[in-house]
Amino acid sequence: VNPQCVPALESKNLKFSGKDERGQRMQICELRHHSFFFCTQFHPEFRSRPASPSPPFLALILASAKRLEARFREEGSLLKPGSGFESRV
């Protein structure tokens, strides 16, 4: 995303919540006022494992099972991949 376009896109309810280490390349965007919508430019699937999914995949699964908000409450607003895995299997 061209950084000059970011203000126009954000005015239409997109939120760029992740940037590269230089703050120039948009890596993650979310749609405001939507229960679960985000896009990534990186590849979280390369870091996922069955017992330790990457946070984007874990969030997707939890949201689809309507457990995302409860998990945030349980873990202090963070997703900790692998935590609680043994007790939920």
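## Overall layout

Going along the sequence, this protein runs α-β-β-β-α-α-α. That makes four helices and three strands in the protein. Keep in mind that what you have on screen is a predicted model.

The protein has 89 residues, and buried ones make up 22% of them. As for how the chain touches itself, take the contacts between residues at least 6 apart in sequence: 12% of these join residues at least 24 apart.

## The sheet

The three strands form an open sheet in the order β1-β2-β3, and the pairing is antiparallel. β1 (14-19) and β3 (38-40) are the edge strands, so called because each pairs on one side only. From one strand to the next, the twist averages 20 degrees.

## Two hairpins

Let's look at the turns next. The hairpin of β1 and β2 has six residues between the strands, and in this hairpin Gly 23 takes a positive phi near 75 degrees. The hairpin of β2 and β3 also has six residues between the strands; there, His 33 is the residue with a positive phi, near 65 degrees.

## Positive phi in the loops

Asn 13 isn't a glycine, yet it has a positive phi of about 80 degrees. You'll find Asn 13 in the loop between α1 (6-10) and β1. Is Asn 13 exposed, partly exposed or buried? Its relative accessibility is 35%, so Asn 13 counts as partly exposed.

Lys 66 is another non-glycine with a positive phi, this time of about 55 degrees. Lys 66 belongs to the loop between α2 (55-64) and α3 (68-74). With 74% relative accessibility, over the 50% cut-off, Lys 66 counts as exposed.

Gln 27 lies in strand β2. Its relative accessible area is 18%, and because the cut-off for buried is under 20%, Gln 27 falls in the buried class.

Thr 40 lies in strand β3. At a relative accessible area of 30%, Thr 40 is partly exposed. Not counting residues up to four places away in sequence, Thr 40 touches Gln 27 and Ile 28.

## The largest pocket

Rolling a probe the size of a water molecule over the atoms shows where empty space is left. In this model, the largest pocket holds about 210 Å³ of space. It is lined by 14 residues, and those nearest its centre are Ser 17, Ile 28, Glu 30, Phe 37 and Phe 38.

Which elements give two or more residues to the lining of the largest pocket? They are β1 and β2. β2 gives the most, with three residues. Sorted by class, the lining has seven nonpolar, four polar and three charged residues.

How values were computed: Residues numbered from 1 in each chain as written. Predicted model: local features only at pLDDT ≥ 70, side-chain atom pairs only at ≥ 80, totals over all residues. Heavy atoms only, no water. Axes fitted to C-alpha atoms, helices over the stretch in contact; angles between N-to-C directions. Buried < 20%, exposed > 50% of the residue type's maximum accessible area, 1.4 Å probe, protein only. 1 Å grid on protein atoms, 1.4 Å probe; cavity = no way out; pocket = protein on both sides within 12 Å on 5 of 7 lines; lining within 4 Å. Points joined across faces, edges and corners; volume = space filled by probe spheres on them. Nonpolar A, V, L, I, M, F, W, Y, C, P; charged D, E, K, R; others polar. Contact = heavy atoms within 4.5 Å.
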